[in-house]
Amino acid sequence: MNKKRIQKYKSAISSVLQCDEKKIFLYWKGRIALYAFLKSLELKDGDEVIIPAFTCVVVPNAILYANLKPIYVDITSETYNMDVHQLEKSITNKTKVIICQNTFGLSSNIEAIIALAQKYNLYTIEDCTHGFGGFYNGKPNGSYCDAAFYSTQWNKPFSTGIGGFLVVNNKSLLDRILALEAIKIKPKLIERSVLRFLLSFRKLFVNKYTQSFLVKIYRFLSQHNLTLGSNRGEELNSISMPINYYKDISNVQINEGIKSLKNISQLNELRKKNAYEYTKYLKSKNKNHVGENTFSNHIFLKYPLLVKNRDVFFERAEKFNITLGDWFLSLLHPIKGDLNKWNFDREKFPIADSLSRKIVNLPTDIKNSNEVIKFLELNLELIE
């Protein structure tokens, strides 16, 4: 890979995060950054990592791949993030790490979580896969904990198709992370070529009229390992680490990232503007909405909305060419059904379970929110 391009990419990231670019480590996917952090801690098999009971399955997967045990904590309906009042009850003498997730782009209660971590001598890492470019109480997301991991998948704050990176704030861990750099696997030519094709195809053919159909095809192909995807089949069906999991970033992703980052500020401003319009409208109709008190700490990668009949809501949205997000329609997105292999008992997490049965995501990266609001107006009876 071109070292100058790597440097330019890291520099662009660091300017947004206001951090030293030497603290940034690049990976094929964001989940690999979490895995690298966990491996750097040199923990014992079976040590525990606390995470919210409302997340993507790749998070507990990374924990299990590191021979650690995920421990889940229920969330609150106001933040969709971990309930800090329940967090301390979940800490045992085997707990070593707490993951702070900023769901849909909202960061919350980080000081309280860090205070508990300091009390019990635990590591913390921010799951910033939804939060790049956002702020929590005036500081960039990812700057509070020992480390933070980010995703640059298709629908993340900025996209490189697939990809991710780690930011290490705890200087004592830097040498360990650096040592792990030597064993990263280089992406194959076929992988780089397919990713380049997918990026070009998306720019040429994916729009509001084709997106829903093409996303369904893409997910089917990726889950059956017929193309590069966010989730490979074995990540959804097994807790064994896939072959060649610990993979480096490619020049394709680096070049795409440099281009994408040029517009990150304007895009995040657009997301917040549209979110404000959604909240204003939903509040006027006495429907559930994101609280205005959260806006300063929220970038609104997606806008969460609770509905009474999700299947009907999705069907109607498709007819209106409204592309709804489907994140966290299950407790360990996108897994549906039995979650036992991930040590997950849904009955223990009633808030997360209830929200996962009702939630949809309104788009925020669109030029005009009026079309979405018009759709909401015509379907108010389906909104809680």
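A pocket is an open set of grid points with protein on both sides within 12 Å along at least five of seven lines. The model examined here is predicted. Its second largest pocket has a volume of about 380 Å³. In total, 20 residues line this pocket. Nearest its centre lie W28, E191, L228, R232 and K247. Two helices, α2 (30–40) and α7 (189–205), each supply at least two residues of the pocket lining. The largest share comes from α7, with three residues. By class, the lining of the second largest pocket holds nine nonpolar, four polar and seven charged residues.

The structure contains two cavities of 30 Å³ or more. The volume of the largest cavity is about 90 Å³. Its lining is formed by N81, M82, C100, Q101, N102, S107, S108, I110, I113 and E126. Strand β5 (95–101) and helix α5 (110–120) each contribute at least two residues to this lining. Five of the lining residues are polar, four are nonpolar and one is charged.

Conventions:
Residues are numbered from 1 along each chain as its sequence is written. This is a predicted model: local features need pLDDT of at least 70, side-chain atom pairs count only at pLDDT 80 or more; totals for chains, interfaces and linings use all residues. Side-chain values use heavy atoms; hydrogens and water are left out. On a 1 Å grid over the protein atoms alone, a cavity is a set of points where a 1.4 Å probe fits but cannot get out, and a pocket is an open set with protein on both sides within 12 Å along at least five of seven lines; lining residues have an atom within 4 Å of a point. Grid points are joined across faces, edges and corners, and a volume is the space filled by probe spheres set on the points. Helices (H or I, at least four residues) and strands (E, at least two) are DSSP runs, numbered from the N terminus. Ala, Val, Leu, Ile, Met, Phe, Trp, Tyr, Cys and Pro count as nonpolar, Asp, Glu, Lys and Arg as charged, and the others, Gly among them, as polar.
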